[in-house]
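Subject: Structure handover

Hello,

Please find the structure below, with notes on what was found in it. Keep it open while you read.

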Amino acid sequence: MTSIFRHIESLGFSDIGRLINESHMIFAEEWRGGLIEDITGNQALIIGDIHGDYRTLKNILTRNRYIDFLEENNKIIFLGDIIDRGPQQIESINLILYLKTLYKDNIILIRGNHEPPPYLPTFPHDFPYRLISKFGQKGGELYQQYFRLFQVLPHAATTSNKLFLVHGGIPPSNIDINDLKNPDRNLMEYLLWSDPFEGTGSLPSMRGAGHRYGRDITIKFLEKNGLSMIIRGHEPCEGYKFNHGNRVLTLFSRVGEPYFNSTAGYLLIPLDEDLEIDLVLDNIGLLSIEE
Ligand SMILES: [Mn+2]
């Protein structure tokens with residue numbers, strides 16, 4: 001297990017180029033308009049924002065015996081924002097890409113606003129500078145490769161037990177799940193940038209992109225599409241938080257600067273049975289900053 005981490009930490013410039021190419025081909029082959037429908041399996045480990053906190057990422061994976069887990073019919077689902085901000089962004093994204101090449105059917109990486117489309121730049125976006133500081137000007141070439149890979153990452157998914165997975169949220173208009181295939185720019189912005197708020201209707205977002213969606217928007221979307229819960233990342237919190245009467249679960253899976261939260265959260269749930277809220281609550285995993 002540690003040897004995978006050691007392998008990731010020792011990758012050089014050309015190894016990384018090959019890893020991006022290889023994983024890019026897999027994501028491109030899997031592309032179905034960017035929507036993954038009806039994920040099946042025994043269990044899913046769902047992980048929220050990492051933002052370069054490779055140490056916590058390794059801890060979550062190790063604690064869940066990730067290789068044994070992936071060898072069986074289980075899924076690890078990432079909710080995006082793997083890069084920017086933290087100390088080990090390159091290792092974080094490379095570890096996930098490497099696992100994708102080993103277990104392509106069991107690793108799902110949903111894009112966040114920090115894995116941006118060309119028309120939706122994010123800020124601050126220090127990942128390209130990390131690459132240049134590590135590899136010199138050649139780091140810019142790697143960034144171009146990563147950026148092309150981001151364009152073939154899925155942006156939303158559903159599970160067979162009726163969960164909806166996305167980085168940010170849903171738009172103000174009551175869309176059908178099929179509308180999420182090949183979304184226009186406007187819809188993509190809502191998916192990657194939005195946050196829930198405890199009210200009704202839609203409010204502008206202080207982030208300057210996306211919107212804040214109220215409880216009624218969540219309930220209508222879930223009912224229309226026969227879904228039970230939205231699981232998303234995007235917002236800093238002490239590992240997890242609920243909104244909209246337990247219909248929206250936020251997972252935040254990193255600790256420390258620049259958010260200064262001290263608990264990272266993840267969710268380990270069965271995929272082969274309907275989920276009651278108590279089961280979800282019982283299966284939230286927490287890691288404190290000391291671990
Ligand atoms: Mn985000």
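A residue is called buried if 20 or more other C-beta atoms lie within 10 Å of its own, exposed if 12 or fewer do, and partly exposed in between, with the C-beta atoms placed from the backbone. Helices (H or I, at least four residues) and strands (E, at least two) are DSSP runs, numbered from the N terminus. Residues are numbered from 1 along each chain as its sequence is written. The model is predicted: local features need pLDDT of at least 70, side-chain atom pairs count only at pLDDT 80 or more, and totals for chains, interfaces and linings use all residues.

Helix H3

Helix H3 covers residues 54-63, and seven of its ten residues are buried, so H3 is largely enclosed by the rest of the structure. The buried residues are Tyr-54, Arg-55, Thr-56, Leu-57, Lys-58, Ile-60 and Leu-61. Just after H3 comes Arg-65, with a positive phi of about 45°.

Two strands are said to pair if DSSP finds at least two bridges between them. An open sheet with mixed pairing is formed by six strands, in the order S1-S5-S6-S10-S12-S11. Strand S1 (35-39) and strand S11 (240-243) are at the edges with a single partner strand each, so one side of each has no neighbour in the sheet. From one strand to the next, the twist averages 20°; axes here are lines fitted to C-alpha atoms, for helices over the stretch in contact, and angles run from 0 to 180 degrees between N-to-C directions.

Strand S10 (residues 229-232) is covered on both faces. Met-229 and Ile-231 are buried on one side, and Ile-230 and Arg-232 are buried on the other. S10 pairs in the parallel sense with strand S6 (residues 163-166) over three bridges, and Met-229 in S10 is the bridge partner of Leu-163. S10 also pairs in the parallel sense with S12, over three bridges; there Arg-232 has Thr-250 in S12 as its bridge partner. Strand S12 (residues 248-251) pairs with S11 in the antiparallel sense over four bridges, and Phe-242 stands opposite Leu-249 in S12.

The three-stranded sheet

Three strands, in the order S7-S9-S8, form an open sheet with mixed pairing. Its edges are strand S7 (195-196) and strand S8 (202-204), each with a single partner strand, so one side of each is left without a neighbour in the sheet. S7 and strand S9 (residues 211-213) run parallel and are joined by two bridges. Asp-195 stands opposite Arg-212 in S9.

Helix H2 and its two partners

How do the axes of H2 and H5 cross? Helix H2 (residues 13-30) and helix H5 (residues 89-102) have axes that come within 9 Å and cross at roughly 55°. The crossing is left-handed, a term used if the near helix is turned anticlockwise from the far one by less than a right angle, with right-handed used if clockwise. Residues are in contact if their C-beta atoms, placed from the backbone, lie within 7 Å. Ile-16, Leu-19, Ile-20, Glu-22, Ser-23 and Ile-26 in H2 meet Asn-94, Leu-97, Tyr-98, Lys-100 and Thr-101 in H5.

H2 also packs against helix H7 (residues 139-150), at an angle of about 15° and with the axes 9 Å apart. H2 is therefore roughly parallel to H7, and this crossing is left-handed. On the H2 side the contact involves Ile-16, Gly-17, Ile-20, Ser-23, His-24 and Phe-27, which meet Leu-142, Gln-145, Tyr-146, Arg-148 and Leu-149 in H7.

Two single residues

Lys-134 is found in helix H6 (residues 127-135). Is Lys-134 exposed or partly exposed? With 13 other C-beta atoms within 10 Å, Lys-134 is partly exposed. Lys-134 touches Ile-90 and Gly-139, leaving aside residues up to four places away in sequence. Phe-13 is 121 residues from Lys-134 along the chain, and their C-alpha atoms are separated by 9.3 Å.

Arg-185 lies in helix H8 (residues 185-193). Arg-185 has 10 other C-beta atoms within 10 Å, so Arg-185 is exposed. Arg-185 and Leu-120 are 65 residues apart in sequence and, C-alpha to C-alpha, 8.2 Å apart in space.

Regards

How values were computed
Contact = placed C-beta atoms within 7 Å. Parallel < 35°, antiparallel > 145°, perpendicular 65-115°, else oblique.
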